[in-house]
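Dear colleague,

Please find below the structure that I am handing over to you. My notes on its side-chain contacts follow directly after it.

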Amino acid sequence: MNTEKILVTRTTMPPYEEYIEAIRPLWDSHWITNMGKYHRELEKALTGYLDVPELSLMVNGHMALEMTIQAFDFPEGAEVITTPFTFISTTHAIVRNHLQPVFCDVKESDGTIDEDRIEELITEKTVAILPVHVYGNVCNVEAIQKIADKYSLKVIYDAAHAFGVTYNGKGIGNYGDAAVFSFHATKVYNTIEGGAVAFSDHRLYDRLYNLKNFGIRGEELVVSIGANAKMNEFSAIMGLCNLKHVDDAIRGRKKRWELYAEKLSGTEGIRLFERRGETVHNYAYFPVLVKKDFRMTRDELYQCLREENIYPRKYFYPLTSDQACFKNKYKRTELDAARRLAEEILVLPLYPELEQKELKRIIDILSGNR
């Protein structure tokens with residue numbers, strides 16, 4: 001058995017010398033936080049790269065989402081329609097804002113929220129829709145916006161998986177009232193820890209600034225209650241360095257993603273998600289669905305791979321609605337498709353440095369060639 005672990009992902013980092021040289025000026029200025037030079041540079045650079053009107057940097061993706069929800073000042077106890085097929089952060093951000101998550105089923109074709117099921121969940125307490133571009137698969141943004149406009153609802157996209165994704169020639173952050181990105185170390189693009197909110201209404205920039213900086217707007221002026229969610233300068237510099245290399249990283253991911261797809265698409269019992277047309281992808285993940293006609297169960301395959309020192313992940317199992325902290329606490333809705341996906345999903349290792357021989361070994365195990 002191979003002794004080196006193949007994890008589901010590997011943090012992308014710039015050349016060591018490049019980062020060390022880039023952080024050297026911090027020892028001269030001693031300015032390492034509080035929206036310094038590099039924070040401002042990264043905010044501007046990402047606004048351009050993601051092709052969005054405005055952007056606010058945050059300490060991490062979760063706080064970006066939590067504070068975005070807070071910035072809309074929804075009444076306590078209001079309902080937010082969302083997906084249970086996501087990382088737990090999505091649901092936590094709603095609940096920590098004292099709002100009620102209403103879980104909507106997803107489409108088995110791509111794992112995104114089922115837009116045909118949203119309208120039936122809307123009540124007089126509904127204030128927003130919070131869908132997820134899961135694995136970078138783009139939600140049906142047109143249908144969701146149409147529903148939101150009909151009922152005067154806000155749309156906040158969890159775009160944690162969708163860095164660099166474009167749809168119909170526009171950056172994915174242009175859709176909805178806001179879109180939230182994660183720059184965690186496991187993502188396509190990282191700032192070690194970090195996140196951002198993209199939006200078009202400039203008033204949201206001021207609200208988010210106040211929320212992430214204690215409401216401080218001057219040396220002796222605090223205009224509102226806030227928290228501390230600022231990105232530090234070391235993270236901002238990591239982001240600036242990684243931004244120079246992110247296109248190469250995505251190309252590396254694409255090459256490996258396409259080899260997986262070519263070799264596994266005809267494998268009995270393995271199904272791949274569909275992808276929307278007019279989308280430029282970031283190849284963040286390679287999820288497969290292990291169906292009943294596969295030669296072993298999903299959990300057996302998971303264990304088989306781990307015995308070979310290959311560590312896939314069951315993203316996302318169980319559903320957030322079924323986690324111990326949320327189970328049976330909120331309005332019950334039918335989530336049949338989401339539960340089927342959660343029982344079948346397995347995300348395979350994918351990162352630019354994944355070697356050909358390692359990739360082939362994973363494919364051979366799934367294909368039954370070993």
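A search of the whole structure, which is a predicted model, gives 19 aromatic pairs. Rings of Phe, Tyr and Trp (its six-membered ring) are paired if their centres lie within 6.5 Å, and the planes count as stacked under 30 degrees apart, edge-to-face over 60 and tilted for the rest. One aromatic cluster is formed by Phe85, Tyr135, Phe273, Tyr285, Tyr315 and Phe316.

As to the basis of these values, local features need pLDDT of at least 70 and side-chain atom pairs count only at pLDDT 80 or more, while totals for chains, interfaces and linings use all residues. Residues are numbered from 1 along each chain as its sequence is written, and side-chain values use heavy atoms, with hydrogens and water left out.

Two charges sit over rings, by the criterion that NZ of Lys or CZ of Arg is within 6 Å of the ring centre and within 35 degrees of the ring normal. The charged end of Arg275 is placed over the ring of Trp257, 4.3 Å from its centre. Lys314 lies over the face of Tyr302, at 4.5 Å from the ring centre.

Lys314 also takes part in a salt bridge with Asp299 (3.1 Å, N to O). Asp299 belongs to helix H9 (residues 298-307) and Lys314 to the loop between strand E16 (310-311) and helix H10 (336-344), so this pair ties together parts that are 15 residues apart in sequence. Helices (H or I, at least four residues) and strands (E, at least two) are DSSP runs, numbered from the N terminus. Both residues are partly exposed, with relative accessible areas of 36% for Asp299 and 22% for Lys314; buried means under 20%, exposed over 50% and partly exposed in between (1.4 Å probe, protein chains only).

The search of the whole structure finds 25 salt bridges, each being a side-chain nitrogen of Lys or Arg within 4 Å of a carboxyl oxygen of Asp or Glu. One of them joins Glu142 and Arg276 (3.5 Å, N to O). Since Glu142 lies in helix H6 (residues 141-151) and Arg276 in the loop between strand E13 (270-271) and strand E14 (279-280), the pair ties together parts that are 134 residues apart in sequence. Glu142 is partly exposed at 38% relative accessibility, as is Arg276 at 25%.

Within helix H8 (residues 233-264), Glu258 and Lys254 are four residues apart, about one helical turn, and their side chains meet in a salt bridge (4.0 Å, N to O). Finally, a network of salt bridges links Asp105, Arg117, Glu120 and Glu334.

With kind regards
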